[in-house]
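Work through the exercises below with the sequence and the model at hand, and try each task before reading its solution.

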Amino acid sequence: MTSYLSDLIQYRRLFQMMLVLGIGGTLLPGFHISVINYPSMHIKRFINKTWLERYGSPLHQETITLLWSLIVSIYFVGGLLGCLCSGYLFVKHGKKKCLLCNNMLIMVAALHMGFSKTAKSFEMILIGRFLYGISAGVCSNAHSQYLGEISPKKLRGFANTSAVVFLTLGKVLGQIMGLREFLGTESLWPLLLAVCGIAAFVQLVSLPFFPESPPYLLIQKEDSEGCLKAMKQLWGEGDHQAEFDDMMKEKAAMKSVKTMSVLEVMKEPALRWQLCIMNLLMMSIQLCGLHASSIIDRFGRRMLLWGGYGLMAGILAILVTVLSLQNQFSWMAYCSVVLIFLFVITYGIGPSGAVISVMMEIFNQSARSSAFVIAGTTGWMSFIVIGMIFPFIVEALGPFCFLIFMGILVISGIFFYLFLPETKGKSIMEIKEEFSTIHFRKKLLPTAEKNSPLEHTFCTKF
């Protein structure tokens, strides 16, 4: 308890910055995703009423449904676009400036939402949702990377987990504020869709009082003095020489390496395993989830990932059995509810927080922004694909649809167990060295196969 209190006092400025980043970071995408379903009937009536006043005839139900689907889905199109642009923007202008500009974009989107009913324009809702999507693509990547870069090694896992906490908090806030007792009414739904502009304004006026990330200042801006000043501002007046030395080693290793583009990251053989792990993490994270706790820094990332996915696969196997027997035994319905809670809790305790930590820790400064663009693209595309095809899978397979996800979990868990090194408490250079041994071993395999029949048999089985 004493160590936690001393950390809270020493790193109070860091915790304040984590709060500011969360308010204008992953909190907003979580809110946007959950809140849009609550005013759906009000928005559909508004679209029909607006059309009737303009053209003197009501819209067909199919057209209203199509326009509503466009309002929902254009958010993900914007998210994909924002994610694709984020890598270049972070390298060019830094994450702090990008977040500040992103806040202004959110406020513009909120104004479109808030005044759409007054202006009798459902097109303003479309524009607002699209701008919200672009901002979500930018702030999701910026928030996760910024957190990892401003945190000392011993708090890196905890800091990265806070991005998932704010994402979940945003979803909960959206669900609460969307209730009829709050803002989910016929008269207040424009305010419901515009309220996140307040969070953007809070970050806009607060973030200028905090520094840019130390690694960005040292490695990309070559500002050693600014880096040390930022470290003291965020981490207190203690001895941070070890952290600074790690950054200097990374800077020295990157002297002959320029900042890599998305295509260069994808083509780089030395980053192949990291990209495989990152994309698998992003696809698997779409399954479901709440948020992790500080156990990520106690047990490490690797164990939480493969162990968590293994437990989740087992729970899904039992859930399929229970759902299949639900019609025969009425009490099975209660078992299925318990299993769903267990599934979500297991995800929250294990893989959820570890995902962002691993993604931050397996790439160096030159490749990180482009790698997050690839990860974000995978995440947004997975979101779109699952949203489109899952209803058809449920209709075709019924409860057996969960077997597909069980297979994904098993494959993911085995892959992480075999190929993901533990990243807890290690510097970027140490993690890079571990991945280098994987590539080195892979290159040696053909030679070993030629020299030894016994080794050839072993490698084939492996």
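**Exercise 1.** Decide whether Asp239 is buried or exposed, and find which backbone nitrogen its side chain reaches.

Solution. With buried meaning under 20% relative accessible area, exposed over 50% and partly exposed in between (1.4 Å probe, protein chains only), Asp239 counts as exposed because its relative accessibility is 72%. Asp239 lies in the loop between α12 (224-235) and α13 (241-253), and its side chain reaches the backbone nitrogen of Gln241 at 3.1 Å.

This is a predicted model, in which local features need pLDDT of at least 70 and side-chain atom pairs count only at pLDDT 80 or more, while totals for chains, interfaces and linings use all residues. Residues are numbered from 1 along each chain as its sequence is written, and side-chain values use heavy atoms, with hydrogens and water left out.

**Exercise 2.** Find which residue forms a salt bridge with Glu186, and state how far apart the closest N and O atoms are.

Solution. A salt bridge requires a side-chain nitrogen of Lys or Arg within 4 Å of a carboxyl oxygen of Asp or Glu; Arg45 is the partner of Glu186, at 3.1 Å. Glu186 lies in the loop between α8 (156-177) and α9 (189-194) and Arg45 in helix α4 (residues 40-55), so the pair ties together parts 141 residues apart in sequence.

**Exercise 3.** Determine which residues are joined with Lys95 into one network of salt bridges.

Solution. Lys95 forms a salt bridge with Glu149, the closest N and O atoms being 3.4 Å apart. Lys95 is in helix α6 (residues 95-114) and Glu149 in helix α7, 54 residues apart. Salt bridges that share partners join Lys95, Glu149 and Arg368 into one network. Lys95 is buried at 1%, Glu149 at 3% and Arg368 at 5%.

Conventions. Helices (H or I, at least four residues) and strands (E, at least two) are DSSP runs, numbered from the N terminus. A polar contact is a pair of N or O atoms within 3.5 Å; within protein, one must be able to donate a hydrogen and the other to accept it, and residues adjacent in sequence count only if both atoms are side-chain atoms.
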